[in-house]
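Subject: Structure handover

Hello,

Here is the structure I promised to pass on. Please open it alongside this message.

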Amino acid sequence: MTHPDTGASALPFTDTVGAWVPHGLFSVPPSARGPLDGLTFAAKDLFDVAGHTTGAGNPGWLATHAPATATSPVVARLLAAGAHLHGKTITDELAYSIQGENVHYGTPLNSRAPDRVPGGSSSGSAAAVAAGLVDFALGTDTGGSTRVPASYCGLWGLRTTHGLVSAEHLVPLSPLFDTVTWLAADADVFERVGRTLLPGPDSRPWSAAVVLSDACIQADPVFQPLLRAVTQALETGLGLPVGNAPSSDTDLEQWRQTYVTVSAYDAWQTHRDWITRVQPEFGAAVAGRWKMAAAVAADTAAAASAEQARLRAQIRALLGEHTVAVLPSASSVAISRTADPVTVDQIRANTFRITSIAGLAGLPQVNIPFIGADGLPAGVSLLGPAGSDLALIRLAVAVGRQLAAVGTETPAAATAAMAK
């Protein structure tokens, strides 16, 4: 069946994991041939596609916005590079969660851990890729919305340098932190998309690596052998000296609080008028965040912004132009679908102490996927200097290939198959 306005057709497959929104069941062919010929992708339901209404994870948003008159330049570039768009996937409401649950559209199935959430807010994108229904999927990352699903679902994923990839025709959460991202199961596909969307150069002379000690202690023990495997690959396989250092002279709880304050205030300024006018129905957790955001005073946000600038300067000075940092991508494996709210909030806080580093600093971070010793996906990240995104992807893929070549002598090496 063809869409009357766009020429789009229905999806050519069945959504077996509940990843797509009902209004996102359409397909748009490539607009030209190019380096992504033969690849299929989905877009998080924050990206505009001309002729289709963007829903942003909330029926109230869907009902109060007209069909898009223009397509996101990111989507357009992928179509022009030969990729085929297969519709739009579920996001947590207005991207305001890292859990992956949506009271309106459901929780997509994490096919690599079916009794656990996929992570959010790029939940549908991660679920679709993990199930092999598309080759890659577009997401966004504000506070961890791609890094966490990538870790939970065993995928390559990243947060791009803030502002490096166009956020035009994209529903924002917090423009001060929003970034355009993508996820893939295959390292080659992940890198090919990077070469299409990111400016070069794709290499730089990496001189050293540093393990962020304060971030590592936020993560569960399952991450420790994976972190050691990555540092060994960097040091013995790729010849980079590896040291240890904290992210800054400030406890990561202060990083988390700073991020939450600045981003919440920015998000409320962005969406206050719409929320006040429409009074949409939100799930309890998301509604609670909007209530908190509305209560952040301007002077409190200003003080937090000043603290952000100080923390940003410290981590950027630590990395310079040629150092890469190693850290967990999340604080735990994917959370059980039946976990109680107290447990979820505790894990969420631990994870934000990790993810707020790149967020506050505006830096790129790439997830290297593993299956941990417990049989569940878990990710280790490389964090790089601003603008090093393409070179960072190449380095992460090289680490993955080093690990895959080691064999099965250690739990970490045995579980590096996802890094191929």
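Below are the findings, grouped by region.

Please keep in mind that this is a predicted model.

**Helices 10 and 11**

Start with helix 10 (residues 298-319) and helix 11 (residues 341-361). They pack at an angle of about 100°. Their axes are 8 Å apart. Angles of 65 to 115 degrees count as roughly perpendicular, so helix 10 is roughly perpendicular to helix 11. Helix 10 brings Gln 308, Leu 311, Arg 312, Ile 315 and Arg 316 to the contact. Helix 11 brings Ile 357, Leu 360 and Ala 361. By class, that contact has five nonpolar residues, one polar and two charged.

**Aromatic rings**

How many aromatic pairs does a search of the whole structure find? The search finds ten. One of them joins Tyr 259 and Phe 352. This pair is stacked, with 5.7 Å centre to centre and 20° between the planes. Tyr 259 lies in helix 8 (residues 252-278) and Phe 352 in helix 11, so the pair ties together parts that are 93 residues apart in sequence. Are these two residues buried or exposed? Tyr 259 is buried, with a relative accessible area of 5%. Phe 352 is buried too, at 8% relative accessibility.

Look also at Tyr 96, Trp 268, Phe 282 and Trp 290, which form one aromatic cluster. Elsewhere, Arg 204 lies over the face of Trp 206. The distance from the ring centre is 5.8 Å.

**Two buried residues**

Leu 252 lies in helix 8. Leu 252 counts as buried because its relative accessibility is 2%, and the cut-off for buried is under 20%. Which residues does Leu 252 touch, leaving aside its neighbours within four places in sequence? The contacts are Asp 214, Ala 215, Gln 218, Ser 247, Arg 353 and Ile 357. Ile 357 also takes part in the contact between helix 10 and helix 11. Ser 166 is 86 residues from Leu 252 along the chain, and their C-alpha atoms are separated by 29 Å.

Glu 191 lies in helix 5 (residues 187-197). Glu 191 counts as buried at 10% relative accessibility. Neighbours within four places in sequence aside, Glu 191 is in contact with Ile 393, Arg 394 and Val 397.

Helix 3 (residues 123-130) is mostly covered. Eight of its eight residues are buried. Among them are Ser 123, Gly 124 and Val 129. What do the buried residues of helix 3 pack against? The partners are strand 1 (40-44), strand 2 (84-89), strand 3 (136-141), helix 4 (147-153) and strand 5 (179-184).

Gly 132 follows helix 3, and its phi is positive, near 75°. Ser 121 is found in the loop between strand 2 and helix 3. A cis peptide bond joins Gly 120 to Ser 121, with omega about 10°.

His 169 has a positive phi, near 55°, and is not a glycine. His 169 sits in the loop between strand 4 (156-159) and strand 5. At 32% relative accessibility, His 169 counts as partly exposed.

Gln 279 is not a glycine either, yet its phi is positive, about 50°. Gln 279 lies in the loop between helix 8 and helix 9 (284-294). Gln 279 counts as exposed, at 65% relative accessibility.

Best wishes

Conventions. Residues are numbered from 1 along each chain as its sequence is written. This is a predicted model: local features need pLDDT of at least 70, side-chain atom pairs count only at pLDDT 80 or more; totals for chains, interfaces and linings use all residues. Side-chain values use heavy atoms; hydrogens and water are left out. Axes are lines fitted to C-alpha atoms, for helices over the stretch in contact, and angles run from 0 to 180 degrees between N-to-C directions. Helices (H or I, at least four residues) and strands (E, at least two) are DSSP runs, numbered from the N terminus. Angles under 35 degrees count as roughly parallel, over 145 as roughly antiparallel, 65 to 115 as roughly perpendicular and the rest as oblique. Contact means heavy atoms within 4.5 Å. Ala, Val, Leu, Ile, Met, Phe, Trp, Tyr, Cys and Pro count as nonpolar, Asp, Glu, Lys and Arg as charged, and the others, Gly among them, as polar. Rings of Phe, Tyr and Trp (its six-membered ring) pair if their centres lie within 6.5 Å; planes under 30 degrees apart count as stacked, over 60 as edge-to-face and the rest as tilted. Buried means under 20% relative accessible area, exposed over 50%, partly exposed in between (1.4 Å probe, protein chains only). A charge sits over a ring if NZ of Lys or CZ of Arg is within 6 Å of the ring centre and within 35 degrees of the ring normal.
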